[in-house]
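Morning, everyone. I have one structure to go through today, and I will take it piece by piece. Please have a look at it before I start.

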Protein chains: 2
Amino acid sequence: MTVYPAGMFPATFIGGAGGIWTIDRMTAVAGEPLPVADRLEIREGIVTVSGGVWRLAGVAGHTRYAERAEKTQLDALSPPLGRPEATRAALIPIRKSAGWWTLPQDERRAIFEERSRHIADSLPFAPRIARRLYHARDLGQPFDFLTWFEFAPEDERAFDDLVAMLRAREEWSYVDREVDLRLSR
Amino acid sequence: MTVYPAGMFPATFIGGAGGIWTIDRMTAVAGEPLPVADRLEIREGIVTVSGGVWRLAGVAGHTRYAERAEKTQLDALSPPLGRPEATRAALIPIRKSAGWWTLPQDERRAIFEERSRHIADSLPFAPRIARRLYHARDLGQPFDFLTWFEFAPEDERAFDDLVAMLRAREEWSYVDREVDLRLSR
């Protein structure tokens, strides 16, 4: 029943005792935290049964807001996942409010980019921070998005600056649950 | 694991021997048809096990392309599902090509509305035809969208005109699989 075409990347993040990533800390930025787990395993596909303390699934796929010029810039600047030097990672699950989702596309786009400059102001960080955005809302998950980031230890400060910047913008007033997990391998 | 908030409508369409809708005919407009079934059952939620000959799931939720003015007009004109006189229905599962999904948001929007006038030219039909669009792509389904329509028998000709109009537009050049099921109760 679940067969994803090329260009889509379904994944399940499993917090528990297994996996190559150690969960170094968890911060509940907004709303409920996740249960405490020691390690993170990332499995390809939507896994509905597993061990572990928690399990979050999402699907990376087409862009929802980025326009042609933005996508071209982002694609050119973004490193791939799995760089050997990227031994630090972050998993940031986010849920946006009902108020966000009832807005039409043009108003969500205006908040996201014209007013919060989500893409434009993230671009300077892009070369150092590999990133994949998983969509989870249509899957009936407890979060709407799971974003996975990978970076070298010396770029953790820059990553902190990036998330602090985004959290201070208008877009983030629609975020009603956010957990920030930091990891190392 | 699957808990949908208010404003989202997950549903599973099951083609088989049960359900209040009789499948009167099926047309494979593009690509493979579905297996032949006599009746259609619509279940709330994402059902992963069932009897039946085929099963298609999707989730209705937030708008992907409609802007404020369009959404306001559509909402004002659109009748609810379940009108007693709406004893005819159509279920039209559609898949769009990889070429569509690699386009950025602004180019998909331009094809969808500025060039194909999907919303603007559908508006005159809206009062007679109740409609709910289910998104299925993130669910790993064989179709990207399932659109469910309900109308009175005397409006079937108008419905035929509506789908013929949309199929003749540029947007539809990106449709690589489409099945048109017509039903009655």
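**A loop, a core and a contact**

Let me begin in a loop: A:R117 sits between α3 (105-115) and β6 (130-135) of chain A. Before going on, note that this is a predicted model. For chain A the mean pLDDT is 97, and 99% of its residues reach 70 or more. The model as a whole scores ipTM 0.94 and pTM 0.96.

Back to A:R117. Its phi is positive, about 50°, although A:R117 is not a glycine.

B:R117 lies in the loop between α3 and β6 (130-135) of chain B. The phi of B:R117 is positive too, about 50°, and B:R117 is not a glycine. With 16 other C-beta atoms within 10 Å, B:R117 is partly exposed.

How do the two chains relate? Chain B superposes on chain A by a rotation of 180° with 0.0 Å of shift along the axis, and the RMSD is 0.0 Å. The two copies are therefore related as by a two-fold rotation axis. Both copies use the same surface, as 100% of the contact residues of chain B recur in chain A.

Now the contact itself. Chain A puts in 31 residues, and chain B puts in 31 residues. On the side of chain B that touches chain A, α1 (68-77), α2 (98-101) and α3 (105-115) of chain B supply at least two residues each. The most comes from α3(B), with three residues. Sorted by class, that side of chain B has 14 nonpolar, 10 polar and seven charged residues.

Next, the core. Which residues have the most contacts inside the largest nonpolar core? They are A:L91 and B:L91, in a core of 58 residues. Leaving out residues up to four places away in sequence, B:L91 touches B:F13, B:L40, B:L146, B:W148, B:L181 and B:L183.

Last, a residue in a strand. A:A30 belongs to β2 (residues 21-30) of chain A. A:A30 has 14 C-beta neighbours inside 10 Å, so A:A30 counts as partly exposed. Again setting aside residues up to four places away in sequence, A:A30 touches A:V175, A:D176, A:R177 and A:E178. A:S116 is 86 residues from A:A30 along the chain, and their C-alpha atoms are separated by 19 Å.

Key: Residues are numbered from 1 along each chain as its sequence is written. Chains are lettered from A and ligands numbered from 1 in the order in which they are written. This is a predicted model: local features need pLDDT of at least 70, side-chain atom pairs count only at pLDDT 80 or more; totals for chains, interfaces and linings use all residues. Two residues are in contact if their C-beta atoms, placed from the backbone, lie within 7 Å. Helices (H or I, at least four residues) and strands (E, at least two) are DSSP runs, numbered from the N terminus. Ala, Val, Leu, Ile, Met, Phe, Trp, Tyr, Cys and Pro count as nonpolar, Asp, Glu, Lys and Arg as charged, and the others, Gly among them, as polar. Copies are superposed by least squares on the C-alpha atoms of residues with pLDDT of at least 70 in both. A residue is buried if 20 or more other C-beta atoms lie within 10 Å of its own, exposed if 12 or fewer, and partly exposed in between; C-beta atoms are placed from the backbone. A nonpolar core is a set of buried Ala, Val, Leu, Ile, Met, Phe, Trp, Tyr and Cys residues joined through C-beta atoms within 7 Å. pLDDT is the predictor's confidence in each residue, from 0 to 100.
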